[in-house]
Amino acid sequence: MRDRDFLNHFLEKGYFEGHSRVVLALSGGLDSMFLFHLLSTYQEELGIELFLAHVNHKQRPESDKEENELRKLAEQVGVPIYVACFTGNFSEANARQFRYEFFREVMAKTSSTALVTAHHADDQVETIFMRLIRGVRLQHLSAIKEKQEFDKGELIRPLLSFYKKDFPEIKHFEDATNKENHYFRNRIRNKYLPELEKENPRLRSALLNLGSEISDSQAAITEL
């Protein structure tokens with residue numbers, strides 16, 4: 001897909017209407033680096049001023065090098081970047097809480113009204129399947145929302161309609177721990193979904209449709 005295809009999608013959806021200053025959560029992976037490329041390239045068309053927020057989790061030897069590379073890239077492009085280093089006992093839950101608290105701080109410092117993340121359709125599939133395995137109630141099987149309230153503004157996920165394979169190969173950093181199956185999400189991504197797709201090659205779209213239908217049903221019930 002071309003950059004313009006993504007830009008046209010953003011404009012049609014009106015993701016950034018009412019938001020002149022936005023913060024992008026930048027991990028350094030392919031998805032967030034591609035979103036950085038899109039938002040920085042088309043700031044004028046989208047009517048936004050962009051700020052970056054990066055968390056160095058300090059869990060890999062490469063983390064400091066990647067942080068420095070992101071700082072250099074931000075300087076080259078002329079986009080301000082804010083960086084925080086994780087402290088405390090590391091776990092997925094603690095790291096997520098730390099990240100979003102930091103993102104709130106950056107939004108306040110920059111007077112931004114939107115936080116943008118690079119979650120995509122594969123993340124959506126994995127989340128729905130994880131919740132299904134854990135046995136949550138029906139309402140929690142609903143799809144991740146493209147836009148939702150966050151702090152005093154909005155959390156926007158403009159890439160949710162696209163799979164990772166839709167993104168062009170651009171400079172990014174590979175986290176080697178993504179290949180390890182210590183974490184539940186990694187096992188979903190690396191083992192369970194690929195195995196089940198042998199039974200149903202359209203499993204991902206089926207899970208996305210399930211989440212979407214549950215979201216629509218919940219919205220209808222709430223309205224009634």
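Me: What span does helix H4, with its 15 residues, reach from its first C-alpha to its last, and what span would be expected at 1.5 Å a residue?

Reply: The 15 residues of H4 reach 21 Å from first C-alpha to last, close to the 21 Å expected, where the expectation is 1.5 Å times one less than the number of residues. The model is a predicted one, in which local features need pLDDT of at least 70 and side-chain atom pairs count only at pLDDT 80 or more, while totals for chains, interfaces and linings use all residues. Residues are numbered from 1 along each chain as its sequence is written, and side-chain values use heavy atoms, with hydrogens and water left out. Helices (H or I, at least four residues) and strands (E, at least two) are DSSP runs numbered from the N terminus.

Me: Which residues of H4 are called buried, and what arc do they cover around the axis?

Reply: Buried means under 20% relative accessible area, exposed means over 50%, and partly exposed lies in between, with a 1.4 Å probe and protein chains only. By that rule, Ser63, Glu66, Glu67, Leu70 and Ala74 are buried in H4. They cover an arc of only 105 degrees around the axis, and therefore sit on the same side of H4, the arc being taken from the directions from the helix axis to the C-beta atoms. On the other side of H4, Lys65, Glu75 and Gln76 are exposed.

Me: Why is helix H6 described as largely enclosed by the rest of the structure?

Reply: Ten of the 14 residues of H6 are buried, so the rest of the structure largely encloses this helix. The buried residues run from Ala121, Asp122, Asp123, Gln124 and Val125 to Glu126, Thr127, Ile128, Phe129 and Met130. H6, at residues 121–134, also reaches 20 Å from its first C-alpha to its last, close to the 20 Å expected at 1.5 Å a residue.

Me: Why is strand S1 also said to be largely enclosed, and what makes S1 and strand S2 a pair?

Reply: Four of the five residues of S1 (21–25) are buried, so S1 is largely enclosed by the rest of the structure. Two strands pair if DSSP finds at least two bridges between them, and S1 and S2 (49–56) have five, in the parallel sense. Among the partners, Ala25 is bridged to Ala53 in S2, and Val22 stands opposite Leu50 in S2. S1 is also joined by three bridges to strand S4 (114–116), again running parallel, with Val116 in S4 as the bridge partner of Leu24.

Me: How many of the eight residues of S2 are buried, and what makes S2 and strand S3 a pair?

Reply: Seven of the eight residues of S2 are buried, and the strand is therefore called mostly covered. S2 and S3 (81–85) pair in the parallel sense over five bridges, one of which sets Leu52 against Ile81 in S3.

Me: Why does Ser111 count as exposed, whereas Lys58 counts as partly exposed?

Reply: Ser111 has 52% relative accessibility and so counts as exposed, whereas the 43% of Lys58 makes it partly exposed. Ser111 is found in the loop between helix H5 (92–110) and S4, and Lys58 in the loop between S2 and H4. Ser111 has a positive phi of about 55 degrees although it is not a glycine, and phi of Lys58 is near 60 degrees, also positive in a residue other than glycine.

Me: What makes the space beside H4 a pocket, and which helix supplies the largest share of the lining of the second largest pocket?

Reply: A pocket is an open set of points on a 1 Å grid over the protein atoms alone, where a 1.4 Å probe fits and protein lies on both sides within 12 Å along at least five of seven lines, and lining residues have an atom within 4 Å of a point. The second largest pocket holds about 210 Å³, and H4 supplies the largest share of its lining, five residues. Helix H2 (30–41) and H4 (63–77) each supply at least two residues of that lining, which includes Met33, Phe36, Glu69, Lys72 and Phe173.

How values were computed. Grid points are joined across faces, edges and corners, and a volume is the space filled by probe spheres set on the points.
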